[in-house]
Amino acid sequence: MRLLSNIFIVFLLALTASLQAIQPINSFHIPNKIQFAGQTILLERYDMRERFDREQTIIAYQHATSIMLLKRANKYFPIIEPILKRNGVPEDFKYLAVIESSLEVRAVSPVSAAGLWQLMPKTAEQFGLEVNEEVDERYHIEKSTEAACKYLKSAFAKYKSWTSAAISYNAGMGRISGELEKQKVDDALDAYINMESSRYMFRILAMKQFIENPQRFGYHVDKEHFYHNIGTQTGIVKDSVGDWTNWAAQYGISYAQLKDFNAWLRERKLTNTTKKQYEIVIPNKNELNFKNSLIKIHSSLINDNLY
């Protein structure tokens with residue numbers, strides 16, 4: 001009898017500990033409006049509210065991905081933001097890059113869209129990028145951002161709406177133009193389109209809210225958990241390169257490190273018969289190892305409750 005009593009007590013203790021370990025699952029406040037690219041987007045209409053809530057809930061509860069996005073945003077926003085500003089594209093479009101690629105420079109989709117901005121090969125070439133077996137500038141952070149700006153500006157010139165321009169980035173201008181005309185609406189937010197494209201703008205809006213206010217969703221990143229900044233220098237190449245491994249060795253870095261900073265180099269060699277000039281990013285080898293003093297928190301992520 002005493003044995004059964006002891007087993008029951010152990011069971012109750014284990015059950016109590018298990019219940020205490022369960023984390024609460026919460027829903028989140030849905031704002032009545034949100035700002036994007038200087039435009040106030042009202043979220044009071046039933047469909048707007050529900051579509052936004054779906055995306056913010058998904059972002060909040062995909063914990064591993066979302067915590068990594070905060071760290072990558074600190075790494076890549078300082079590069080993306082000045083290019084958007086220089087091209088007259090609203091800074092909020094950096095969140096488009098986040099939802100497109102999760103800020104994975106090497107990201108490739110099943111339909112062969114690639115890089116931070118997930119550009120298709122023909123679109124990339126249309127907007128001035130080199131795309132071939134040895135060089136694919138869709139993986140070049142700065143140049144692909146410039147190309148994305150060109151697309152977005154052309155879409156804005158067509159629609160006079162940054163939200164329609166953003167949705168066309170996913171659906172294509174041809175489809176958006178056709179649906180706006182057939183459905184007699186002025187903004188793609190109000191059009192009935194395929195599921196992926198109908199979610200697209202709300203994914204951007206929810207990502208903007210999350211990265212600007214991660215603490216509202218219970219996220220915290222210690223400062224020392226961000227990635228440190230690595231200084232770089234530029235190497236100029238005007239000729240063919242027989243082996244990038246040997247080229248990298250001249251600067252005291254490995255082939256893998258060269259590729260980390262130049263993902264747009266797609267082969268182990270470069271055939272440069274036209275003598276085109278390429279700028280190669282070379283990391284400072286004395287800064288490759290982690291140093292707390294090299295961590296810099298970007299201004300758009302400075303938040304007393306984040307780190």
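First, the ground rules. This is a predicted model, in which local features need pLDDT of at least 70 and side-chain atom pairs count only at pLDDT 80 or more, while totals for chains, interfaces and linings use all residues. Residues are numbered from 1 along each chain as its sequence is written, and side-chain values use heavy atoms, with hydrogens and water left out.

Start with the helices. Helices here are DSSP runs of H or I with at least four residues, strands are runs of E with at least two, and both are numbered from the N terminus. The axes of helix 4, residues 94-101, and helix 9, residues 195-212, come within 9 Å and cross at roughly 110°. Axes are lines fitted to C-alpha atoms, for helices over the stretch in contact, with angles from 0 to 180 degrees between N-to-C directions. Helix 4 and helix 9 are therefore roughly perpendicular; that label covers 65 to 115 degrees, with under 35 roughly parallel, over 145 roughly antiparallel and the rest oblique.

Now the rings. Rings of Phe, Tyr and Trp (its six-membered ring) pair if their centres lie within 6.5 Å; planes under 30 degrees apart are stacked, over 60 edge-to-face, and the rest tilted. By this rule there are 13 aromatic pairs. In one of them, Phe-28 and Phe-217 have ring centres 4.9 Å apart and planes at 50°, so the pair is tilted. Phe-28 lies in the loop between helix 1 and strand 1, and Phe-217 in the loop between helix 9 and strand 3, so the pair ties together parts 189 residues apart in sequence. Phe-217 also pairs with Phe-210: the centres are 5.8 Å apart and the planes at 65°, so this pair is edge-to-face. Phe-28, Tyr-61, Phe-210, Phe-217 and Tyr-219 form one aromatic cluster.

Are these phenylalanines buried or exposed? Buried means under 20% relative accessible area, exposed over 50%, and partly exposed in between, with a 1.4 Å probe and protein chains only. Phe-28 is buried at 17%, Phe-217 is buried at 10%, and Phe-210 is buried at 1%.

Last, the backbone. Ser-112 has a positive phi of about 75° although it is not a glycine; Ser-112 is in the loop between helix 4 and helix 5 and is partly exposed at 39%. Lys-184, also not a glycine, has a positive phi near 55°. Lys-184 lies in the loop between helix 8 and helix 9 and is exposed at 73%.
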